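Here are my notes for anyone opening this one for the first time. Have a look at the picture, then read through the points in order.

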Amino acid sequence: MYNPQSLKAEEFISEEEVLESLKYADENKQNVEVIDAILKKAREEKGLSHRDASVLLACEIPEKNEEIFALAKKIKQDYYGNRIVLFAPLYLSNYCINGCTYCPYHGKNKTIPRIKLTQEEIKKEVIALQDMGHKRLAIEAGEDPVNNPLEYILECIKTIYSIKHKNGAIRRVNVNIAATTVENYRRLAEAGIGTYILFQETYHKETYEQLHPTGPKSDYAYHTEAMDRAMEGGIDDVGLGVLFGLDKYRYEFAALLMHAEHLEAVHGVGPHTISVPRVCPADDIDVKDFKNSIDDDTFAKIVACIRIAVPYTGMIVSTRESQKSRERVLQLGISQISGGSRTSVGGYTEEVRPEDTTQFDVSDRRSLDEVMKWLMEMDYVPSFCTACYREGRTGDRFMELCKAKQIQNCCLPNALLTLKEYLTDYASPETRKVGEKIIEDNMPDVKSDKVREILRDELEKIENGSERDFRF
Ligand code: SF4
Ligand code: SF4
């Protein structure tokens, strides 16, 4: 029985409701009247239910699909302007006892070396990341209670926050580790993490069980209910995601939105972010083995429909995607991307990109400086802002501001301040030139005279001194 308020996975991701929604979408995918009514609702920019959004995703009428893409672009612009937040993944350890069939870190893979960074190695990685200009990390580790216990993760977080190299600092550590207990989530919250990210991989229970044959992750309900335990443990911001290509994308899409609706119904706040990774090749993983893998057009449509369904939820795309694919989805709804990423353990301190411990192949291999320049040449404002979390604007406080579109009054000035830090401390001369122009071009969009005046003063202080970390 479908019940968004239930704490049982099988009830808030009810298979029956997903299938009913897909049936409803199939029945209406050519129905102009129904699609127009949904688009009318969507234009209020307050989101859509999983059923309505599923109709848009299934829609096969070319003109209506044009309207869907145009609306996604508008919502993206209205909520996020032209800002894109940058982050980098940091792999701590690839020891893992799970058996995920799509990931080369699975416990039975004997062909890859297993590495776990020491605190000294982490320090070096973090300095390398700070020297690139990063301020926001997502830490990643396999599940292994012996090699990667929670104490290890907590120690790593402490180390990361403690390093201040030159003008650098990591100001927000998001955490992507296995589902755990309320008590452990409480400890992570106390350690000052940003978002807790856990990909569902697939919401289709049977497929989930086939793809996760062994290890603690094989428990579908425990994994699916993890975000409720995280929130019970005091983590305000959680990030959802599915690995598109494992099961049928329309199923995943409907269930993902049901998960978001469930968090809102139970905790009063939906997901902070949604990630949209796709299955991609790696050590002993061949994409051809995944018959549900999706093409670029479908991927773009998914991004557009998520943007319309949950306008206030940040959306993340990683360096799995090629430059071309990233360009396309940035306009349609993506608000965060990784840049200069290395998806191997210890990858940032190696001169030559090491490949033997990569979790997945990186399509976009450009440096952070190149990514910054590329974004700005397309008129985006790259941002390293971490202000909300550090000003206590998290969870429902954040969502309230976000839904009222008020958060934008902070986002743009903060984006410009952090961009200025980057340009002053890390950018190449060409990137700096492009960036200074972007700052000037965007100043008029800071609406308040008072804020603009403070901003000018702080930009000057960054340029002429070592004072950093101004924020609104
Ligand atoms: S996806 Fe995560 S849990 Fe699964 S094998 Fe890879 S590292 Fe381990
Ligand atoms: S002000 Fe808040 S919402 Fe805006 S970019 Fe910064 S952290 Fe994100």
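Which helix gives the largest share of the shell around ligand 2? Keep that in mind; the answer is in point 3.

1. Some ground rules. This is a predicted model, where local features need pLDDT of at least 70 and side-chain atom pairs count only at pLDDT 80 or more, while totals for chains, interfaces and linings use all residues. Residues are numbered from 1 along each chain as its sequence is written, and chains are lettered from A and ligands numbered from 1 in the order in which they are written.

2. The overall build. The protein has 20 helices and nine strands, taken as DSSP runs numbered from the N terminus (H or I, at least four residues, for helices; E, at least two, for strands). A compact globule of 472 residues would have a radius of gyration near 23 Å, and the 21 Å of the protein agrees with that; the radius is taken over C-alpha atoms, and the rule is 2.2 Å times the number of residues to the power 0.38. The C-alpha trace spans about 60 × 55 × 40 Å along its principal axes. Buried residues make up 52% of the 472; buried means 20 or more other C-beta atoms within 10 Å of a residue's own, exposed means 12 or fewer, and partly exposed is in between, with C-beta atoms placed from the backbone.

3. Ligand 2. The answer is H18, which supplies three residues of the shell. Helix H16 (387–390) and helix H18 (408–425) each give at least two. The residues around ligand 2 include Cys-385, Cys-388, Cys-410 and Cys-411, where being near means a C-beta atom, placed from the backbone, within 6 Å. By class the shell has seven nonpolar, three polar and no charged residues. Here Ala, Val, Leu, Ile, Met, Phe, Trp, Tyr, Cys and Pro count as nonpolar, Asp, Glu, Lys and Arg as charged, and the others, Gly among them, as polar.

4. Ligand 1. Cys-96, Cys-100, Cys-103 and His-106 are among the residues that surround ligand 1. This shell has five nonpolar, three polar and two charged residues.

5. Domains. An automatic or database domain assignment sets the bounds: domain 1 is 9–77, domain 2 is 81–365 and domain 3 is 390–464. The C-alpha centres of domain 2 and domain 3 lie 27 Å apart. Their contact takes 13 residues from domain 2 and 15 residues from domain 3, contact meaning C-beta atoms, placed from the backbone, within 7 Å.

6. Arg-83. This residue lies in strand E1 (residues 83–93). Is Arg-83 buried or exposed? Arg-83 is buried, because 21 other C-beta atoms lie within 10 Å. Beyond its neighbours within four places in sequence, Arg-83 is in contact with Val-381, Ser-383, Cys-411, Leu-412 and Ala-415. Two of those names, Ser-383 and Cys-411, also turn up around ligand 2.

7. Two phi values to check. Most residues other than glycine have a negative phi. Asp-379, not a glycine, has a positive phi of about 75°, and sits in the loop between helix H15 (368–377) and strand E9 (381–383). Asp-379 is exposed, with 10 other C-beta atoms within 10 Å. Lys-405 has a positive phi near 60°; its place is in the loop between helix H17 (395–403) and H18. Lys-405 is partly exposed, with 13 other C-beta atoms within 10 Å.

Conventions: Contact = placed C-beta atoms within 7 Å.
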